[in-house]
Amino acid sequence: ARQVTIKTWFTESCSNCNNNNNGGGVEVAPPPPFPKPDDSLDVVDSNTGTDSSGTGSFNSIRIQNYTLPALGSIPVIITNIPINTTSISMEATLVGDANNNKVYHNPSNAYSPSNNFLKIQSEKDKFIPGTYDFTIKTTELEVEVFYIIISRNGVVSSQSGKGTTLTINSHIISIPIDNSMAPSSRLIVYYIRSDSEVVADSFPFNVTPLLNNYVKLEFQSNRIEPGNSNTLDIESHPGSTVFILGVDLSVLLLATGNDITHQRVEHSISQFSPFS
């Protein structure tokens, strides 16, 4: 398996940086031996310098190594971004590549007139009906946040009345999730600043099962002779009304493909999702 090295540069603002260096960070390479597959090596360069405008800044460098899977695609998640980061640059190289080919990427930052942001975090993005905790992070305090959940081209849940006031930068809110949000939904958390700016973030997630109820049926015997009886076992929620229709097998031989199946229902409902 091939390995790829990802180098990430964080350019950070620094009001107290000295002018002893002529700017930028110094590239730091991993020490031998080279890390084993999927090991990560974080290297931070705290050199200081000044940019062209005279504002102090410095670069910190993070080096991570990944093993490429068969499809050749890997997700790269950037965490613990320094709070004063003004720009991010990324470089990827194949380990042992004789031509030393490299690719570059510069993630763009979100825009806010007031430079304030909100982030939703969760340990997973697939849920069954229940109540779950979401972490809400903000760059300013004493804000009143609200949430709405959109699914099937409409709002299926929202926070009524007074919102949640955040007194710390990281706060946990509990949100109930039900089948009306299946198969996919988007959680939107927001607050409105005094200058009318809306600070928000969204989080897509999936919900199973698709339907509130279910039905399962099975004959106790798969083969029976004419004139004999068989027992059909039916399972569903208590109080459910179940209808049974018997169809001769020869009818199915002329089927046109219009039979209602769970897969067809799920596909049809998913077409109403604004982010499918």
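Author: What follows goes from the aromatic pairs to the core.

This is a predicted model, in which local features need pLDDT of at least 70, side-chain atom pairs count only at pLDDT 80 or more, and totals for chains, interfaces and linings use all residues. Residues are numbered from 1 along each chain as its sequence is written, and side-chain values use heavy atoms, with hydrogens and water left out.

Rings of Phe, Tyr and Trp (its six-membered ring) pair if their centres lie within 6.5 Å; planes under 30 degrees apart count as stacked, over 60 as edge-to-face and the rest as tilted. The count by this rule is five aromatic pairs. One of them joins Phe 127 and Phe 205. This pair is edge-to-face, with 5.6 Å centre to centre and 85 degrees between the planes. Phe 127 sits in strand S8 (residues 126-127) and Phe 205 in strand S15 (residues 198-207), so the pair ties together parts 78 residues apart in sequence. Strands here are DSSP runs (E, at least two residues), numbered from the N terminus. Phe 127 and Phe 205 are both buried, that is, under 20% relative accessible area (1.4 Å probe, protein chains only).

Phe 134 and Phe 203 form another edge-to-face pair. Their centres are 5.9 Å apart, and the angle between the planes is 75 degrees. Phe 134 belongs to strand S9 (residues 130-138) and Phe 203 to strand S15, so this pair ties together parts 69 residues apart in sequence. Phe 134 and Phe 203 are buried too. One aromatic cluster takes in Phe 127, Tyr 132, Phe 134, Phe 203 and Phe 205.

Now the core. A nonpolar core is a set of buried Ala, Val, Leu, Ile, Met, Phe, Trp, Tyr and Cys residues joined through side-chain atoms within 4.5 Å. The largest one has 25 residues. Among the members that touch the most others are Phe 134, Phe 205 and Leu 118. At least two residues of this core come from each of strand S7 (118-121), S9, strand S10 (143-151), strand S13 (170-177), strand S14 (184-192) and S15. Beyond its neighbours within four places in sequence, Leu 118 is in contact (heavy atoms within 4.5 Å) with residues including Ile 136, Val 145, Val 189 and Val 199. A second, separate core has seven residues, including Phe 10, Tyr 66, Met 90 and Ala 92. In soluble globular proteins, nonpolar side chains tend to be buried together.

How values were computed:
Helix = DSSP H or I, 4+ residues; strand = E, 2+ residues; numbered from the N terminus. Buried < 20%, exposed > 50% of the residue type's maximum accessible area, 1.4 Å probe, protein only.
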